[in-house]
Amino acid sequence: MPKRNGSSKKIVFFFPSFASSEATAPLGILAVATPLIRAGYQVVLIDSTITPNYKKRVLEEVRDAVCLGISLVTGPMIRETVEIATAVKEWDPDFPIVLGGWHPSLLPDQTLRAACVDYVVRGQGEDVFLELVQHLQSNAAVDLIPGIGFKRDGRLIFTSERPLKPLVEMPPKAYHIADFDAYERGCGKRWAMYTSSLACPFNCAYCTNAGVYGRKWNALPSEQFVEETVDLTRRYRLEMLWVVDDNFMVDLDRARGIAEGLVRAGSQFKWSVQATTNMVARLSREDLALLRRAGLHQICQGVDSGSPKVLQLMGKTFQDFDQIYESAARCLSANIRPSFNIIFAFPGEGPKERRETIEFMMDVCRRFPGAEFWTNIFTPYPGSPIMKHVEELGIEIPTTLEGWADYFPRYTTLPWLKGKEHARLQTTRDYLRIAFDRIPIAADKRDPITRIAQKAISLPARWRLDHDVYKYPVELWLNKKLNQRLGIARSSKPAVDAKRLAATPGEAAC
Ligand code: B12
Ligand code: SF4
């Protein structure tokens with residue numbers, strides 16, 4: 001079991017790139033940093049996206065540190081995780097490397113099996129990581145720290161589960177360790193993420209959230225939300241907050257209280273939330289107008305399919321189409337952008353259901369200009385209910401940590417979606433992207449000529465989607481050229497992914 005002796009009080013965190021210029025301070029790390037800082041530790045955060053020589057920096061910083069902590073979700077972030085952890089191990093095989101975040105929490109066993117990993121932290125990391133660091137520093141046995149996994153004499157050992165703590169009992173996040181100037185330089189906007197509630201009461205078949213946070217929705221009181229966000233945005237001059245809660249609108253009175261509090265406080269920042277369509281549908285026009293006055297400018301909602309059959313299979317029986325149309329209309333009348341997510345190729349989606357979904361998207365965008373859709377290909381994640389059925393669905397699941405690096409919903413191929421059909425769906429998604437305007441988080445770099453040209457190509461794109469015709473995709477070629485002219489096709493960290501990522505924003509969870 002790698003240990004660290006001595007008097008060092010330095011902890012190094014590494015945040016691997018997710019290949020998007022829309023990066024901002026990694027909340028998971030900011031959360032676990034606070035208890036360390038309060039206990040007198042010095043914390044160094046190296047975020048690959050904003051650190052050109054990230055490997056050199058990590059290797060310099062770990063020399064006098066207690067351990068290296070890395071935060072990651074399943075997918076391309078694993079590539080740099082392994083690269084950095086391996087480089088540190090080459091320097092000193094005994095230097096402790098701790099992985100935390102969604103991927104190690106959902107697949108602790110397989111993650112810990114990787115040669116470059118010494119410890120995994122499962123679930124909420126605030127208390128666990130401090131305890132682990134203190135044990136590493138004093139060379140004490142870690143067996144009694146709930147919520148971790150470690151190696152001893154080649155064996156993997158997992159301690160007991162650590163019960164979930166409600167968000168209100170968690171310390172505030174250490175935003176002060178983030179370099180917002182550097183994020184702003186990359187993204188063109190000065191913004192941060194903020195958490196105001198945990199978990200979601202629903203149980204969609206593809207969703208991993210219950211695997212880490214369970215189903216018991218719990219939230220910060222409205223007063224705390226107002227006080228913290230106003231302070232945060234003023235202190236760091238942030239123009240926008242993305243509230244990353246799974247389902248912000250579960251408690252409507254709290255949402256109203258937040259809006260009233262922000263209006264009273266004269267807040268100036270914009271914010272966006274994620275919420276289920278049925279929760280949003282409960283908001284009256286007055287509620288939405290109040291939220292807009294308070295700065296809410298976007299509500300991301302997981303519509304997921306335009307086919308009632310597929311929604312049934314997804315376990316999304318809590319939403320109905322009338323509510324979606326109604327909520328799009330109400331949001332837009334309050335000048336709040338309804339932003340919808342779609343998952344293509346969910347098991348059971350055939351050509352008829354896919355067509356229904358495309359027609360539904362076209363209908364919503366036409367009837368409610370300003371509504372937007374973001375699409376993904378179904379990708380089963382560890383911890384989701386559907387994961388139990390992957391074998392019978394014929395999906396091969398990676399068996400090593402490294403194997404998950406290419407697991408990414410923008411490219412997923414499935415037994416029922418490969419070859420020509422996969423290519424056709426990707427082309428359809430590309431056309432959906434250019435047919436109607438979408439607003440990414442990053443600053444819009446388009447000049448007026450590009451805007452007019454893109455508006456012009458959106459018309460034949462719509463015709464194609466209406467008629468399901470995607471041969472000779474000249475509009476896509478033109479759009480690519482326009483983006484290349486502006487340098488938009490170049491993400492700030494493209495090399496991290498197997499395939500180059502387009503500069504599209506991170507997609508909302510819910
Ligand atoms: C913000 C966010 C993102 C951001 C940043 C991700 C990040 N690494 O922080 C971006 C936009 C990049 C993103 C992208 C994606 N995401 Co995302 N994202 C989220 C979201 C909405 C919030 C995460 C967050 O910051 N929470 C707040 C912090 C405080 O909580 P936390 O992350 O859980 O951290 C705690 C513990 O995990 C732990 N911890 C975290 N890090 C560390 C590090 C150490 C050392 C330790 C000890 C502990 C520890 O302690 C923290 C405090 O308790 C979640 C959903 C959710 N509601 O949580 C999805 C979620 C994490 N994303 C998910 C997915 C699927 C994706 C994408 C693959 C989706 C896509 N459509 O492309 C991409 C992958 C990008 C890539 N190229 O790899 C899944 C996770 C699946 C999985 N198995 O990993 C989630 C759960 C959404 C969902 N329901 O499906 N995402
Ligand atoms: S997808 Fe959204 S609504 Fe469904 S369980 Fe996950 S967080 Fe809740």
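The model is predicted, so local features need pLDDT of at least 70 and side-chain atom pairs count only at pLDDT 80 or more, while totals for chains, interfaces and linings use all residues. Residues are numbered from 1 along each chain as its sequence is written, chains are lettered from A and ligands numbered from 1 in the order in which they are written, and side-chain values use heavy atoms, with hydrogens and water left out.

**Exercise 1.** Classify the pair Tyr325 and Phe368.

Start with the rule: rings of Phe, Tyr and Trp (its six-membered ring) pair if their centres lie within 6.5 Å, and planes under 30 degrees apart count as stacked, over 60 as edge-to-face and the rest as tilted. The count by this rule is 23 aromatic pairs. For Tyr325 and Phe368, the centres are 6.2 Å apart and the planes stand at 50°, so this pair is tilted. Both Tyr325 and Phe368 are buried (under 20% relative accessible area; exposed is over 50%, partly exposed in between, with a 1.4 Å probe and protein chains only). Finally, both belong to a cluster linked by ring pairs, together with Phe321, Phe340, Phe360 and Phe373.

**Exercise 2.** Do likewise for Tyr381 and Tyr407.

Their centres are 5.8 Å apart with 85° between the planes, making the pair edge-to-face. Next, check burial: Tyr381 has 19% relative accessibility and counts as buried, and Tyr407 is buried at 11%.

**Exercise 3.** Which ring does the charged end of Lys9 sit over?

Apply the criterion: NZ of Lys or CZ of Arg must be within 6 Å of the ring centre and within 35 degrees of the ring normal. The ring is that of Tyr41, with its centre 4.4 Å from the charged end of Lys9. Likewise, Arg254 has its charged end over the ring of Phe248, 5.0 Å from the centre.
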